[in-house]
Every structure is written in C-alpha cells, then in structure tokens.
Amino acid sequence: MKVTLESSDGQVFTVDKEVAELSVIIKEMLVIEQANQDHPIPLLNVGAVELAKVIEYCEHHRNDPTIDDDEDYDSRKKPIEMDDWDKQFTIVNKEMMFELILAANSMQVKPLLHLGCRYAADIVKRMSPTEIRDLFQIDDDFTPEEQDKIEWEKQWTKL
Amino acid sequence: MALDIPEVLMAVAQFLRRGELAQCLCVCKSWRSALLFSLWKNMTIGVGYNRTPAPSPSIESLQLHGHLIHTLMIEDRYPGRFALNYPKIRTLRLYLTHTQIQGTPIGTASVAPPPPPPPPPTTPSSSSSSSSPSTHEIDMARGFWQAVVELPHLKELTVTDTDMIECPEEFSRTCAKVERLRLFRSHIPRTSITAIVDHGLPLIRELRTLPKLGGFGLVWTDASSRIGCLKKFRFPLEEN
C-alpha cells in the first residue's frame with residue numbers, strides 16, 4: 001500500500017506505507033484517517049529537499065526493528081549503532097543536517113532524530129560556549145553576575 | 001534552528017559528557033534551562049577510594065539542584081556528608097561506604113532524626129578500626145536508612161563494596177520498597193537478611209547479589225516463596 005506525502009512547498013512524494021510509518025506522526029495520522037486516503041498528507045514544517053532525504057533514510061531502514069522508546073527509569077539504553085550507510089548519510093553540510101533534525105523531530109522519525117542528535121553532539125562537544133553562540137547565532141543573555149555564578153558552579157565538572 | 005527546541009537539545013545532551021554539558025550550559029539561558037536536568041539527573045558524588053576520585057559538586061550546588069537528581073551514586077565513606085533534599089531520587093547506589101555511615105542522613109531535614117547523643121563515657125573510643133560498630137555508628141546508620149525509606153520515589157537500591165552496619169529494621173524496610181535490589185560484595189549482617197526475608201520484597205522485579213555473602217543463598221532459597229513476583233532472579237550458587 002502506498003501513501004502520498006506533501007512537503008511544505010507543495011511537492012508530493014509517494015512511498016510505501018511501511019516506509020512512511022517510520023514517522024510516528026504519519027503512523028498516527030494513518031490510523032485516524034484510514035478511510036480518507038485521497039489527499040496527500042501535508043507536512044507543513046518539512047521542505048521538499050529535507051523530505052526527500054528523510055524518505056531516503058526511511059527506505060533504507062524500513063526493516064529495522066522498532067526502538068522501544070519507553071522512558072524506563074533505568075536509562076542505560078544501548079546506543080544505536082551507526083552502520084556505514086548511516087555514516088555516509090550524515091556526510092552533508094551542517095545546515096542540511098540541522099534541517100534534517102528539525103524534520104525528524106517534527107515527523108517524529110526517532111532513529112533519524114537519534115542519528116542527527118549524535119551528529120549535533122559531535123559538533124558542539126568540540127566547541128566553547130562562544131563558538132557555539134557564533135555558530136547558532138545565539139545571544140549571550142547572562143548578566144556578568146550570572147556568568148560568574150555559573151563559572152563557579154561548574155568548576156567541579158572540569159576534573 | 002533545530003537546537004532551539006528544548007526536546008532536541010535534551011536529545012543531543014545524551015551524547016555529551018559532563019564537562020561538555022557544562023560548557024553548553026554557559027551558552028545562554030534557554031540552553032541552560034533545557035540542559036540543567038541532563039547534567040544533574042545522574043549524579044555521582046563523594047570520593048571513592050581505590051578509584052579515580054569522582055569530582056563532586058559543591059554542597060551549595062547540591063542544595064540548589066538536588067531536586068533534579070534521579071540517580072544518585074555515593075562513593076564515599078561518609079554518605080551523610082551529602083545529606084540534602086533529593087525528593088525525586090529513584091535510584092540510590094552506594095559504593096565503598098565502608099563501616100561508618102556517619103553524619104546526617106540523606107533525605108529531607110524533617111525526615112532526618114536528631115543528632116544522636118554523644119557516646120556515653122563508658123564506651124571505649126569508638127569508630128576506630130573495630131569490627132563491631134559502636135552504638136553511635138548504629139544510630140547513624142539507622143538514621144541514614146530511616147531517611148532513605150522516606151524517599152518517595154526510590155525504586156532501585158544498589159549496595160556495592162559496603163559494610164552494612166546492623167540496622168535490620170530500617171534496611172529491610174528500604175528493601176521492601178524497591179523494585180530492583182542489588183547487593184554486590186557487601187557484608188550484610190545475618191539479622192538484616194532475616195529481616196528482609198520477614199518483610200518480603202513485595203515489589204521486587206530484579207534481585208541480584210554477587211558472592212562473598214556467606215550463608216545468604218540458603219536464607220533466600222528458603223524464603224523464595226515470600227520474595228514475591230520475581231521477574232528476574234539471579235542468584236549465584238554458594239561456592240563452598
């Protein structure tokens with residue numbers, strides 16, 4: 001069975017239902033709108049370029065076992081292994097990857113979100129707060145007093 | 001931008017180590033508020049010996065953020081030093097807290113018992129390398145466990161390389177509250193074992209012990225019918 005998805009800029013994609021269902025959001029929509037399949041499912045936050053990439057990811061991972069996402073209090077979850085295909089997939093520019101994270105978050109494609117967050121962590125972990133602010137165009141909104149307090153407070157994490 | 005979304009930032013945080021997280025906390029207020037919980041939810045405090053010392057937050061920081069802690073590991077001879085309010089704690093792990101459990105206990109101030117009276121003059125100088133704990137130490141240990149019993153969300157208790165002082169009542173009541181109980185390489189007095197068996201483990205889902213618990217296995221085996229609905233039950237065979 002096929003489903004059609006429509007990106008925010010109006011491009012329509014036709015994919016297998018099981019591929020689309022890697023997105024929790026689409027899966028839920030399909031349950032609700034079982035009968036009404038004439039119209040494409042609109043994805044208002046996802047552009048065509050990103051949607052194509054998300055679909056590429058989902059096509060490749062269509063047969064993966066689903067991740068049990070229960071928030072178990074014992075949080076020693078096994079990290080998902082990245083295979084070669086995933087590594088290849090993440091060789092894109094930063095902007096594209098952050099757009100993909102956004103898309104994966106809004107569509108709730110959990111494994112892709114996981115992959116993207118790992119990528120983002122690899123970027124920010126090597127940066128100072130100032131460099132992070134520059135990259136993401138964030139304003140430093142701490143007062144000098146707050147900054148001092150934070151510095152003092154995080155001393156213990158440095159060891 | 002993707003990282004403006006707090007949930008995404010929190011998902012990123014799971015791949016960051018503590019020092020890296022601390023850097024990110026300094027970026028701006030919204031990053032700080034999204035990431036503070038990630039930094040604090042699993043906290044190791046104290047200076048365990050025979051291990052790399054675990055850098056601990058200051059007591060002031062603990063007071064400020066203790067309410068964020070879900071998993072608390074104490075690697076310290078004197079866990080009572082970190083006696084603060086940890087209302088959300090779900091998992092408590094004690095490492096290397098040998099012999100003396102001193103100071104005020106973990107828990108809220110209202111839960112903590114009054115400081116014990118000084119040992120009577122007749123008691124020979126206590127706490128120095130004696131194998132039998134003094135009444136002072138027993139009171140301290142009791143206070144510690146009394147506070148732990150009161151922690152409303154406690155679900156897991158792990159005790160590793162720890163000499164337990166006799167306070168069977170309080171310790172067994174703690175055990176009866178938890179879903180996961182792990183006792184590794186610790187000396188548990190026989191009276192405490194008997195008390196655990198008497199109280200039962202009504203909520204237990206997982207029980208693990210490691211060897212060096214002489215006689216322990218037999219006690220458990222006898223009482224297995226009272227242990228409750230065990231989903232995972234690992235027990236090493238007695239080696240002797």
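Two strands count as a pair here if DSSP finds at least two bridges between them. Keep that in mind for chain A, where we start. One caution before that: this is a predicted model.

Strand 1 of chain A covers residues 2-6, and strand 2 covers residues 12-16. They run antiparallel, joined by five bridges. At one of the positions along them, Glu6(A) sits opposite Val12(A) of strand 2. Five residues lie between the two strands. In that turn, Gly10(A) has a positive phi of about 85°.

Together we have an open sheet of three strands in chain A, order 2-1-3, with mixed pairing. Which strands stand at the edges? Strand 2 and strand 3 (41-42) of chain A do. Each has a single partner strand, so one side of each is left without a neighbour in the sheet.

Further along chain A there is an annotation. The UniProt record, an unreviewed entry, lists "domain: SKP1 component dimerisation" at residues 110-156 of chain A. In the model that span is 70% helix and 0% strand. Its end C-alpha atoms are 33 Å apart.

How do they meet? Six residues of domain 1 of chain B contact 10 residues of domain 2 of chain B. About 740 Å² is buried between these two domains, and carbon and sulfur atoms give 69% of that area. Three residues carry much of the domain 1 side: Arg18(B), Phe37(B) and Trp40(B) supply 86% of the area that domain 1 of chain B buries there, more than any other three residues. How many salt bridges cross between domain 1 and domain 2 of chain B? Zero, by the rule used. By element, helix 3 (residues 29-40) of chain B gives the most to the domain 1 side, with five residues.

Last, the two chains together. Here 44 residues of chain B are in contact with 38 residues of chain A. The chains bury about 3,500 Å² between them, 68% of it from carbon and sulfur atoms. Within chain B, Phe15(B), Cys26(B) and Lys29(B) lose the most area to chain A, together 18% of what that side buries.

What about charges? There is one salt bridge between chain B and chain A. The side chains of Lys29(B) and Glu146(A) form a salt bridge, at 3.6 Å from N to O. Three residue pairs are in polar contact across the interface of chain B and chain A, counting pairs with both residues at pLDDT 80 or more.

And which elements of chain B touch chain A? Several supply at least two residues each, among them helix 1 (6-13), helix 4 (59-65) and strand 5 (180-184) of chain B. Helix 2 of chain B has the largest share, seven residues.

Definitions and conventions. Residues numbered from 1 in each chain as written. Chains lettered and ligands numbered in written order. Heavy atoms only, no water. Helix = DSSP H or I, 4+ residues; strand = E, 2+ residues; numbered from the N terminus. Contact = heavy atoms within 4.5 Å. Buried area = accessible area lost by both parts, 1.4 Å probe. Salt bridge = Lys/Arg side-chain N within 4 Å of Asp/Glu carboxyl O. Polar contact = N/O pair within 3.5 Å; in protein donor to acceptor, adjacent residues only side chain to side chain. UniProt positions renumbered as here; feature names shortened; annotations may be inferred.
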